[in-house]
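Here is a short briefing for a reader who is meeting this structure for the first time. Please look over the sequence and the model below before reading on.

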Amino acid sequence: MEAEAKKILLEMKAIHKAFPGVQALSDVDFTVWEGEIHGLVGKNGAGKSTLMAILMGLQGVDSGTITIDGTRFSEMTPSEALAAGVAYVPQRINMMSALTVAENILAGDLPVNRMGFVNWREVYREAEERLDKLGLKLDVRQKVEGLGVAEQAMLAIAKALFSNAKLIILDEPTAALPRPEIDRLFGFVRSLKDRGVAFIYISHHLEEVFEICDRVTVLRNGYLVETREVKELDTAGLIRLMVGEDVKEFERERAPLAQEEPVMVVKGLTRRGHYEGIDFTVCRGEVVALSGLEGSGASALGKGLYGLERRGQGQVLVNGEVLTARSPEEALKQGVAYLPQDRYLYGLVGARPVRENITYPILGRLVRALGLIQAERERAIVERYIRELGIITPSPEQAVNLLSGGNQQKVVFAKLAATQPAVLVLHEPTQGIDVHAKLDIYRIVSELSAQGVAILIVSSEVRELLGVCDRILVMYNGTITREFRVGEPEANPAEILLAIEGGNNHVRQ
Amino acid sequence: MRRINLGGFFLFLVDNLIWVLVIIALVTFSALSKSFFTPFNLVNILYRVAALGLLVIGQAFTLITANFDLSSESTMGLTAMVAALMLASTKNGGLGWETHPLLAILVMLLVGVAIGWVNGTLITKFKMNNFIVTVAMLMILRGAIYAISPGKSASFLPASFDWLGGGSLFKVMQPNGKPLAIPTSAVFLIVAFLVAFIVTRYRRFGRDMYAIGSNRAAAESAGINSAKVIMLVYMISGFCAALAGLLEAGRMDSATPRTGAGLIFPVTAAAVVGGISLFGGRGNMIGAFGGVLLWAILDTGLNIMKVSPFWIEVGRGALLLFAMLLDALKVEYLRRVSVQKALAGNPIGLKDQAY
Amino acid sequence: MSASRVFQFVLDRLIWFILLLVILFFTFRVGGFLSGPNLINILLHASVLGMLTIGQTICLLSGNFDLSAEGNLSLLTVLATWLMLPYREMTLAQAGGIGWEVHPFIVIPIMLVLGTFIGYINGFLITRLKMNNFIVTLAMQLVLRGIAFVISLGAIMPGTPRAFNWLGGGRIGPIPVSVIFTLLVFILFAYILRNTRFGRELYAVGGNREAARASGFNPERLITMAYTIGGFMAAIASWMLLGRLEVSVPNLGVGMTLETVAASVIGGVALAGGAGTIWGAFSGVLLLSIIDNGLNLMAVDPFWVNGIRGLIILIALLIEAQKVRFRPQVGRAAARTEAGVSYQAVQK
């Protein structure tokens, strides 16, 4: 390929965006060339979705500009984005599923005869023709909801292509596609490159990023880490960019375990489509990490232990008793607590005060007859945790959605710690939190483990984990592939990252 | 690649259930009562249900866009009363203006459209909840009816005004030699449904309605101006309600403050039974017509059989319940099918979703 | 204190100022408004409405609607009268009961149990079968009314026994029992919502159902409980109303559902759930009752009054819609929309 002057199609400059409690994007410069397939990678919460929402006009920016094909926008609306040629193909289908394929393709622009009446034969013919041009064959008379997911995905992409989009955002397009369909999809996408259409390809299937993208941009915690040509990178390098260059700041004091007292024993846990044959143990006071990329099964496993999702077959023992919990309510009773990845959605009832959010799970302990809450005891507990965890809030009556992100996370921690669990599962506990608060969080984790709580952290912030964990279990493709003991020579970031990425697999003994 | 499967068959049955029911009802009542299956009675069925049918058209329009218009019965009553007041002499309860019938009709239609406009504005511009807004309007308008009429009825309206609702179009000769008058309203009803069918099936506007009802955001990204369409739909509903008022006032030759009261339930029931989903985006006017027919057949048939009106009420409620249940089940099933297809045959390696 | 917070504070208290204004208005416009008997009248109406509104408020707080309470009211009053009254031939749409002349001591518990059970069924259908709460309660209302019609044959049945009428019609000194009772019930529920686990759970589930679930609550059980309470309150309201009227009217309570929603919304209860107080709802009940009464005294046509009620509802909704704009965003959870192009679906 000869070196030609690459024309810039999209330029997002100095994008800052904050939500209450979290800085979603900080000073991001993102550029896409014409005819390029540009991968966008990063963990959950890294800011990819916020960046795309801004590009689509769904969110405003606090500062920064967007320039598409020479036209500068500072405030963009969705219709302006569409008019500028930005199209979005979501992971979950967003079409008019009660209508036929043909109507979805031609919506808003149905062929009519001279008197303005819809010409149905023409509708179906035109729809078929358009699909044909892309090499897609679908039953245009079929209702979209009757199509298989693969077909729906391809239709969605086709629709974007039909709207003469110049820049198409593909959000995890291959999630439900088998290999032959993926090939077909990639074939389309490549064929469009030659027409000057650019793609932003969001995926956590790194192999695909390497397969189809020209350049890739890595986001991390709201910062743009780097934009590089794909051919200059290998998977390990990419993961390293995604997962952490932060200097390890926290080092937990690890007392050697006097005796190994298993608190949670997982045996043969299998859930179709997510994970298989999971065996591990977490002892009293131990901090163990489950690390893996999205899709490795780690998140599903974490949620399954808490009853938020199904666990599947296999057995889990907590303090010797079988974990039968099928809901968080039951899990808490059996001594398992869970810190969710998205604290806004699952962790806090935003409009309610700190005090209430902390005591939700332990109200049973604080009530007298008839469910009356003992205000004094509640106040004492709340104050204690606010103090111990260093939660900064004007008062316990403050609504939690007015706190900063780090403090909100601490409130969730307080809530969980108050249940005095046997096992605490933390899902990306430091996501979206500034550095100071991160130290606080790990300090809390450290103290909890010193008190005897068995802690399981689902996270791939390798450097942070090395500072706080005793062991790191790497998951890949649904199984635990390696176990690292922190302190031993092989437990270094490079090795661990490699394992996370799937290289160097050898089955654990 | 159309698959023959149990689910598909179930759907087909449910989608066309209404006609099965209509046929069953017809057959049952004809068997149970000799006076049922006579030309006179059958025509009479349409005649009595014409106003309801117009309301169903309006309701169907809003339902297709996934909105409710629960105020249409009051709009019907209000427009009927307004016209009656304009037309009737003072001794018959009117204002004594005795305006020209055409003027009265014009005013009626304008009022209906205006009410639709108000509904539409509150719902699209002010983004208020459509259910509550139209219920509130239901109450307000009914209050207005009582306010403008002295609480009694206005009757004895000009024959030309009554023609649409109460007059006849032509006469046919029956086999037994007696002439049968074909009511204008029956023909009008059929024509109205035909027009509605054509609009919803063959006009862009109609297809836009379905698009919005199925997925409003997707429709908007396809460039459809959903606010405008919804506004128009409510105005159409108001217009249909005014027509219903015209038909009813014509048939009864009067308007009372209670005209149209309580109709909202049979109207919704007929629409839903006829396949118009409460969730929007599904159903067609033919099915809705079937719903009207079924309703009318049940009403007339049960009346002929001298079933207590209260049991009829219960039956109506049960039918509505049944229809809504079926509707909910159908939509739930359809929405889940796609997800199931995704999970089927999913070996490890197809990744877990973040949520 | 940012501007929006101040605004919200005022909005939350607005109702009490409006109440004051309205009272002043009627006092000067209408003679006899502040008289003892008239105030009692207002409170009598407010009592029944209040009972029903408590039920509605609790459902609204959990994030659901209960459109069936008036049907419950209708059925229970008809049923109770039918059981208690002696038999009488039906003349001019007036009838007697079935003739069993069941004693109120038995009838009242039957009412309460049945009403509560109906509420439970609502909750069950909505949580277990995951049916839409609008549709379920609306249909339930139809069914209940229908049954009421079948039992009563559309006739009114006058003459409920004194022992039964005590709650609705009895007096302690000059003050009606129902007023005192209602006040006590409001105090009780306000206390419950503030100080018990149930109250906490209610606000949590209504505020963020999934976070509540992850915090160890059982939203399905809570919602069922909310509807069950709604049914119970409807039963109490039936007892009260029937006791006051001493006659069962087939069309009893038509339109009360909307009044309860209006009272709740006016009183600051959010339609989306998770916000609002019992005392707020109380203020809404008072406002509606006062306006009703005042307009009546001004000899305004009763059907105008209904129209005005509808207007008030619309205004209350408008205000509620504005309030939502000023409520602090709960991060991404606030951006929940249907289609996949919602922020929530974009985010992974």
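**Helix packing in chain C**

In this predicted model, helix H2 of chain C passes helix H12 of chain C in a right-handed crossing.

**H2(C) and H12(C)**
- Helix H2(C), which covers residues 36–61, packs against helix H12(C), residues 278–297, at an angle of about 140°, and their axes are 8 Å apart.
- Because of that angle, H2(C) counts as oblique to H12(C).
- On the H2(C) side the contact includes C:His45, C:Leu49 and C:Thr53, while the residues they and their neighbours meet in H12(C) include C:Phe282, C:Val285 and C:Asp292.
- Sorted by class, the contact of H2(C) with H12(C) has 11 nonpolar residues, eight polar ones and one charged one.

**H7(C) and H12(C)**
- Helix H7(C), residues 177–195, crosses H12(C) at roughly 145°, and the two axes come within 9 Å.
- Here C:Phe186, C:Phe189, C:Ala190 and C:Leu193 of H7(C) meet C:Ile278, C:Trp279 and C:Phe282 of H12(C).
- This contact of H7(C) with H12(C) has seven nonpolar residues, with no polar and no charged ones.

**H10(C)**
- Helix H10(C), residues 219–245, has 27 residues and reaches 38 Å from its first C-alpha to its last, which is close to the 39 Å expected at 1.5 Å a residue.
- Of the 27 residues of H10(C), 24 are buried, so this helix is largely enclosed by the rest of the structure.
- Just after H10(C), C:Glu246 takes a positive phi of about 65°.

Notes
Residues numbered from 1 in each chain as written. Chains lettered and ligands numbered in written order. Predicted model: local features only at pLDDT ≥ 70, side-chain atom pairs only at ≥ 80, totals over all residues. Axes fitted to C-alpha atoms, helices over the stretch in contact; angles between N-to-C directions. Helix = DSSP H or I, 4+ residues; strand = E, 2+ residues; numbered from the N terminus. Parallel < 35°, antiparallel > 145°, perpendicular 65-115°, else oblique. Left-handed = near helix turned anticlockwise from the far one by under 90°. Contact = placed C-beta atoms within 7 Å. Nonpolar A, V, L, I, M, F, W, Y, C, P; charged D, E, K, R; others polar. Expected span 1.5 Å × (residues − 1). Buried ≥ 20, exposed ≤ 12 C-beta atoms within 10 Å, placed from the backbone.
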